[in-house]
Amino acid sequence: MIRGAVMEKLHLEATQYTPEISLDPNGVIAFTGKSYPENTFDFYQPVMEWLDQYFGNELPERTVVNMEIIYFNSSSSKLFFDMFDMMEEAGSEHALEVNWIYDPENESAREAGEDFIEDFDKLTINLIEKG
Amino acid sequence: MDIKAIEKILEADGIVFLTYGGFITQSLIAGMTDALERESEKKDINQRLANNIFVIFIELSQNMMNYSKSRESAGEAFDPKGLIVVGKGESDSYYILSQNILDRSDRDKIQPKLEEIQRLDNEALKLRYRELRKSGRDSHGKGAGIGFYEIAKRCDRIQYEFIPIGDDKYYFQFKAIVK
């Protein structure tokens with residue numbers, strides 16, 4: 001891991017079973033779609049490495065994380081947990097907010113967001129119902 | 001109970017949306033999930049119920065896929081045929097049923113989890129799920145080790161059976177009923 005290196009944007013197109021992922025060093029991070037990769041930890045490894053490097057660098061004033069995941073398998077659930085864990089740690093000295101975005105009819109997505117809120121009391125997670 | 005017998009039951013058991021028996025791959029799972037999405041749109045199933053069906057289907061089929069991959073890479077003679085069925089049960093309920101062959105050692109790993117799940121009420125199950133997710137146990141394996149808890153959280157009830165077929169092998173039959 002090269003500390004202090006210039007961060008590049010990372011963008012991954014959505015597939016049938018992975019979300020669109022957009023990681024911008026200007027402080028906007030977004031996950032949109034479904035998540036049930038064949039091997040979740042391998043798939044998300046570049047994302048976790050990018051985030052690790054991002055939080056190790058000089059950060060923009062604030063970071064906004066938009067999570068709009070329609071449904072996900074249990075290993076993605078674990079992965080998001082680990083990711084929020086990393087963000088909670090980084091967020092202690094930095095303004096970071098997670099927007100957990102869900103469709104009003106998607107009760108299970110809302111419940112998943114509520115569970116994350118309960119698990120991360122030092123991380124700001126906003127539940128946002130899509131209008 | 002063999003696969004033929006299951007087919008007979010299914011024929012007598014309401015509307016089947018999807019049934020597949022054979023070697024399971026990720027692209028097949030994605031295709032079948034897509035088919036389920038179309039089916040649920042056509043049937044106007046509400047999104048909460050539909051998402052629960054998709055996630056349970058994905059968990060069970062990925063379980064079978066990962067299991068057969070692990071057996072193949074171990075170089076063991078193994079019958080990878082899995083059976084998975086999604087159908088409509090009684091009074092607006094739906095079911096997801098799976099069957100595959102397991103060794104005794106695998107049964108011994110799965111059975112205690114399922115027994116625990118059967119004992120827990122909804123609230124306790126949610127807490128246990130979050131506790132296991134937090135612990136990071138098994139997190140370097142293929143899954144997170146919380147798949148059955150994920151399924152149980154999303155369904156009304158589960159049923160399962162390990163049927164010995166000799167040579168220390170079992171049919172593992174699992175059914176999740178969602179409402």
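# Reading a predicted two-chain model

Analyst: Chain B has a mean pLDDT of 86, with 87% of its residues at 70 or more; pLDDT is the predictor's confidence in each residue, from 0 to 100. This is a predicted model, in which local features need pLDDT of at least 70 and side-chain atom pairs count only at pLDDT 80 or more, while totals for chains, interfaces and linings use all residues. Residues are numbered from 1 along each chain as its sequence is written, and chains are lettered from A and ligands numbered from 1 in the order in which they are written.

User: Thanks! Which ipTM and pTM does the predictor give the complex?

Analyst: The ipTM is 0.91 and the pTM is 0.90.

User: How many residues of chain A are in contact with chain B?

Analyst: Two residues are in contact if their C-beta atoms, placed from the backbone, lie within 7 Å. Here 19 residues of chain A are in contact with 24 residues of chain B. On the chain A side, α2 (74-91) and α3 (107-119) each supply at least two residues, and the largest share, five residues, comes from α2(A). Helices (H or I, at least four residues) and strands (E, at least two) are DSSP runs, numbered from the N terminus.

User: And which residues of α2(A) are buried?

Analyst: A residue is buried if 20 or more other C-beta atoms lie within 10 Å of its own, exposed if 12 or fewer, and partly exposed in between, with C-beta atoms placed from the backbone. In α2(A), the buried residues include A:Leu79, A:Phe80, A:Phe81, A:Phe84 and A:Met87. The helix has 18 residues and spans 25 Å from its first C-alpha to its last, close to the 26 Å expected at 1.5 Å a residue; the expected span is 1.5 Å times one less than the number of residues.

User: Let's turn to strands. What is the strand order of the sheet in chain A?

Analyst: Strands of a sheet pair through backbone hydrogen bonds, either parallel or antiparallel. Two strands count as paired if DSSP finds at least two bridges between them. In chain A, six strands form an open sheet in the order β1-β2-β3-β4-β5-β6, with mixed pairing. Its edge strands, each pairing on one side only, are β1 (10-12) and β6 (124-129). Strand β5 (residues 95-102) of chain A runs parallel to β6(A), joined by six bridges, and A:Trp100 has A:Leu127 in β6(A) as its bridge partner.

User: What is the strand order in chain B?

Analyst: Five strands form an open sheet in the order β1-β2-β3-β5-β4, and the pairing is antiparallel. Strands β2 (residues 82-88) and β3 (residues 94-103) of chain B pair over six bridges. Helix α3 (residues 47-73) of chain B lies across β2, β3 and β5 (169-178), running at about 10° to β3(B). Helix α4 (residues 104-119) of chain B also packs on the sheet, and its direction makes about 145° with that of β3(B). Axes here are lines fitted to C-alpha atoms, for helices over the stretch in contact, and angles run from 0 to 180 degrees between N-to-C directions.
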